[in-house]
Amino acid sequence: MKIFLEVAIASAIVSTQTLPQIWYLDYYRKFRSRYDFNNNEIPVRKDIQQKFQEVINDLHIPKSKSEKIKLFNVYDINIFHAGTTCTKYGAIIGIPINFEYDDIKNMTEQTITFRNIQVNWNPEINKEFQKSLILSKDAQKFLMARKILTVTENYLLYEILDLSFNTLIGIIIYELLYLTLKVTKKQRGKNIFCMSIATFTSGFLCLLTSNAQDYYRELQLNEKMAMLNDKYIKGGIEYYEKLSKRNKALRVLLGKKGTYLFTPNGDENTFFEKSIPISDQIDYFKAKIQNIQLI
């Protein structure tokens, strides 16, 4: 009976990662999508679709993969992705609302949310925040390219394997503790102790390895982006410079939540370093553009 319970728990944990991004991907898209007043999905503007196709061409993505990617609109101010073209269910890329802005005059306070948090407007910080949301064509294409490369590689499958492996480690630790302490069915306290240790260890490993994978993936993406033309590199510099300004503004605009999410220099406030610091990203792409200019 205990074996069946362990298998059920492991399956449930892995399903949280696989179900929304593989089998239920279309439902996930509908959940994240942006709708009009009549509850119809707002289609991606033609000029944005054109940019997306240009990126597909620049990356030389084969038609067999590009046809599996669905573009849609999201409410957030971060570009979104889910799924992978390595499965028959394909992938989705969500275009943030600020991709439609070319001037801060086009913005309205009601349309701006961040991680489903309504932004508290501050007149002093407001303009700087709005300016940080305006991205040039090169910066938008840079972001699109990163997401396309992400969903056309095996990153999601690696994440699922990593989650499965760490869950298995948790089960093994539980079994070893269970046998070592000679736990019986009546000893609920010992059983809870074993489960707690196994769950904490498994969760810690998941966090550690997931962050390491994210960091390594960013390094890989940077190398691939740097191999494209100088417009993508300049787009990367612009994006990260504006991201730094945006995060500094959000640190104020989101109040206590902002100070929890971001550091004073605009980086994400995380216990483990899961992404390359923004200042390092700027320096990396600036060095690349300087090398090109020297050639």
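The structure is a predicted model, in which local features need pLDDT of at least 70 and side-chain atom pairs count only at pLDDT 80 or more, while totals for chains, interfaces and linings use all residues. Residues are numbered from 1 along each chain as its sequence is written, and side-chain values use heavy atoms, with hydrogens and water left out.

Y24 counts as partly exposed because its relative accessibility is 46%; buried means under 20% relative accessible area, exposed over 50%, and partly exposed in between (1.4 Å probe, protein chains only).

## Helix α6

Helix α6 comprises 16 residues (137–152) and spans 22 Å from its first C-alpha to its last, close to the 22 Å expected at 1.5 Å a residue. The expected span is 1.5 Å times one less than the number of residues. Of the 16 residues in α6, 14 are buried, and the helix is thus mostly covered.

## The three-stranded sheet

An open sheet of three strands has the order β1-β3-β2, with mixed pairing. Its edge strands, β1 (69–73) and β2 (80–83), each pair on one side only; two strands pair if DSSP finds at least two bridges between them.

Strands β2 and β3 (residues 91–95) run antiparallel and are joined by four bridges. H81 has I93 in β3 as its bridge partner.

How values were computed: Helices (H or I, at least four residues) and strands (E, at least two) are DSSP runs, numbered from the N terminus.
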